[in-house]
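Have the structure open while you read.

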Amino acid sequence: MSERARVSTGIDGLDEILRGGLFRERAYMVTGGAGTGKTIVGLHFLTAGVDAGEDALFVAFEEDPEDIRRDAEGLGFDTDGIDFLDLSPGAERFVSEQSYDVFEPDVVEGDDVAARIVDAVEAHEPDRVFVDPLTHLQYLTPDEYQFRQEVSGFVQYLTDQSATVLFSGQKALEGERHTLEYLCDGSIHLDHAAKGRTVEVTKFRGSDSLSGAHTMRISDGGIAVFTKLLPDTHQPRERSGTLPSGVDELDDLLHGGIERSTVTVISGSSGVGKTTTAAQFATEAAARGERALFYLFEETPDTFHRRSSSIGLPVADLEASGDLVVEAVEPLSISPDEFAHRVRREVETADAEFVVIDGISGYRLSIRGEEDDLVRELHALGRYLKRTGVTVVFIDDLDSVTGSFEPTSTHISYLADNILFLRYLEVSGELHKAVGVLKKRTGDFERTLREFEITGAGIRVGDPLTGLRGVLSGAPDWGDDHPFGEDGAGGDPSSDSTE
């Protein structure tokens, strides 16, 4: 059986949801409340047709075409190739002496509207038609039954003329919406949700589509749709081997490093060194020529650059070579779908191999939902990256400085192939740091804790802390030997120990 011909909606993400676009010579509807972007979807649909060499007709029931053109130009649309049929009410209707009473508009106007539409279709022979809104016809018919008959006949007429039809409907009029949804071949619903604008395909005859509500953004370029990340729909890619950090003692803890195509969680309290540790892995990967991405949800690039430079990490040089990308993400201005789309673009078009998300607390703000939503989104992102052969690091910030040990703050331990934790210790009234490995799913690891410092020369990992008991409590007891030196304070007291 041959593949049926499709037409693009003019919105890449929406075409992806529709598995390639709309079917040719069928009728579809787009619904939503005021300001959700229905007319903009129609403009995308028509201009995509013009770009493909097709004839396009805009049937305007509510807005004056000149206003539509001005608004469209403000969003970057070129409407020169679109024909407009103006059926909008003009000011003269309001002041006309021949005003209608409440029972007559359908009798007086219905035939005239139908005749004007037929004349326009015969004159322009459009390949695509957008009717905005079709629900206006309800006001020209006396009851629901006749409205249904009128719409059915109108849609059938247009598709019989070899046109692909898209019409808009008002969300507020639920009876109309269900009537139109029944008559059309597919329905696209626009909405405002907690996480921002969304688009959902609620019906699509003859084809599968991506289910659920997907994020949508309206900007100066029109509409962009960011589909929900479905990891198992992406082609798997195998990458094997071990990625060392470049710090010998840290690699000893990990028995060589972290394996490719795995998820690593680096957890610890604020300022303990999580970001620096992730940067050590990322710059080491980038120095080997493996494209690395570092997404900052909680820090500015300027601060990150200054701190990295102060301990000898060559972030600026690796950015200049293109092997490392450092990008700040404002969590309150981006949805998980949009962020996942950004990551996908780097992985699928620029062959990124190493991704750091710094950190989970900032990423949580972009979810704007329940804790379960956070775990679900992280699971999808991590699974996708692993499936495509990318090594990913999530940085998890713990609330406690010392006290009872928590491996992660958000119950995401099961998502991690590796958990590397950093810990503050109180020793003789001073704060010190330790590093350890809690989990390594794909290999063995050293089951001791080691002293951890960040100095002007970079990360320093010391010997195993075998002389202390109760290290995970944050307030260890002394054994016979003092691992931090005779005075209980190891390392260079002037070293930079900020994260």
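## A charge over a ring

Start at Arg4: its charged end sits over the ring of Phe23, 3.9 Å from the ring centre. Another case is Arg447, which lies over the face of Phe445 at 4.3 Å from the ring centre. For a charge to sit over a ring, NZ of Lys or CZ of Arg has to be within 6 Å of the ring centre and within 35 degrees of the ring normal.

Before going on, a word on the ground rules. This is a predicted model, where local features need pLDDT of at least 70 and side-chain atom pairs count only at pLDDT 80 or more, while totals for chains, interfaces and linings use all residues. Residues are numbered from 1 along each chain as its sequence is written, and side-chain values use heavy atoms, with hydrogens and water left out.

## Rings that pair up

Phe23 also brings us to the aromatic pairs. Rings of Phe, Tyr and Trp (its six-membered ring) pair if their centres lie within 6.5 Å; planes under 30 degrees apart are called stacked, over 60 edge-to-face, and the rest tilted. By this rule the count comes to 9 aromatic pairs. One of them is the stacked pair of Phe23 and Phe204, at 5.5 Å centre to centre with 15° between the planes. Phe23 lies in strand E2 (residues 22–23) and Phe204 in strand E9 (residues 196–204), so this pair ties together parts that are 181 residues apart in sequence. The strand and helix names come from DSSP runs, numbered from the N terminus: helices (H or I) have at least four residues, and strands (E) at least two. Both Phe23 and Phe204 are buried, where buried means under 20% relative accessible area, exposed over 50%, and partly exposed in between (1.4 Å probe, protein chains only).

Next come Phe58 and Phe84: their ring centres are 5.1 Å apart and their planes are at 25°, so this pair is stacked too. Phe58 belongs to strand E4 (residues 56–60) and Phe84 to strand E5 (residues 82–86), and the pair links these distant parts of the chain, 26 residues apart. Phe58 and Phe84 are both buried. Elsewhere, ring pairs join Tyr295, Phe297, Phe339 and Tyr363 into a cluster.

What about Arg205? Arg205 is in the loop between E9 and strand E10 (214–219), and it counts as partly exposed, at 36% relative accessibility. In sequence, Arg205 and Phe23 are 182 residues apart, yet in space they are 9.1 Å apart, C-alpha to C-alpha.

Helix H12 (residues 336–350) has 15 residues and reaches 20 Å from its first C-alpha to its last, close to the 21 Å expected at 1.5 Å a residue. That expected span is 1.5 Å times one less than the number of residues. Among the buried residues of H12 are Pro336, Phe339 and Ala340.

Which residues line the largest cavity? They are Leu229, Pro336, Asp337, Phe339, Ala340, Tyr363, Glu377, Ala380 and Leu381. H12 and helix H14 (371–387) are the elements that give two or more residues to this lining, and the largest share, 4 residues, comes from H12. The largest cavity has a volume of about 50 Å³. A cavity here is a set of points on a 1 Å grid over the protein atoms alone where a 1.4 Å probe fits but cannot get out, and lining residues have an atom within 4 Å of a point.

Most residues other than glycine have a negative phi, and most peptide bonds are trans. With that in mind, look at Asp132 and Pro133, joined by a cis peptide bond with omega at about -15°. Pro133 is in the loop between strand E6 (128–132) and helix H6 (144–160). Asp358 and Gly359 are also joined by a cis peptide bond, with omega at about 5°. Gly359 sits in the loop between strand E17 (354–358) and helix H13 (360–367).

Now for positive phi values. Glu125, in the loop between helix H5 (105–124) and E6, has a phi near 45°. Glu125 is exposed, with a relative accessible area of 59%. Just after H12, Asp351 takes a positive phi of about 60°. Asp351 lies in the loop between H12 and E17 and counts as partly exposed, at 33% relative accessibility.

How values were computed
On a 1 Å grid over the protein atoms alone, a cavity is a set of points where a 1.4 Å probe fits but cannot get out, and a pocket is an open set with protein on both sides within 12 Å along at least five of seven lines; lining residues have an atom within 4 Å of a point. Grid points are joined across faces, edges and corners, and a volume is the space filled by probe spheres set on the points.
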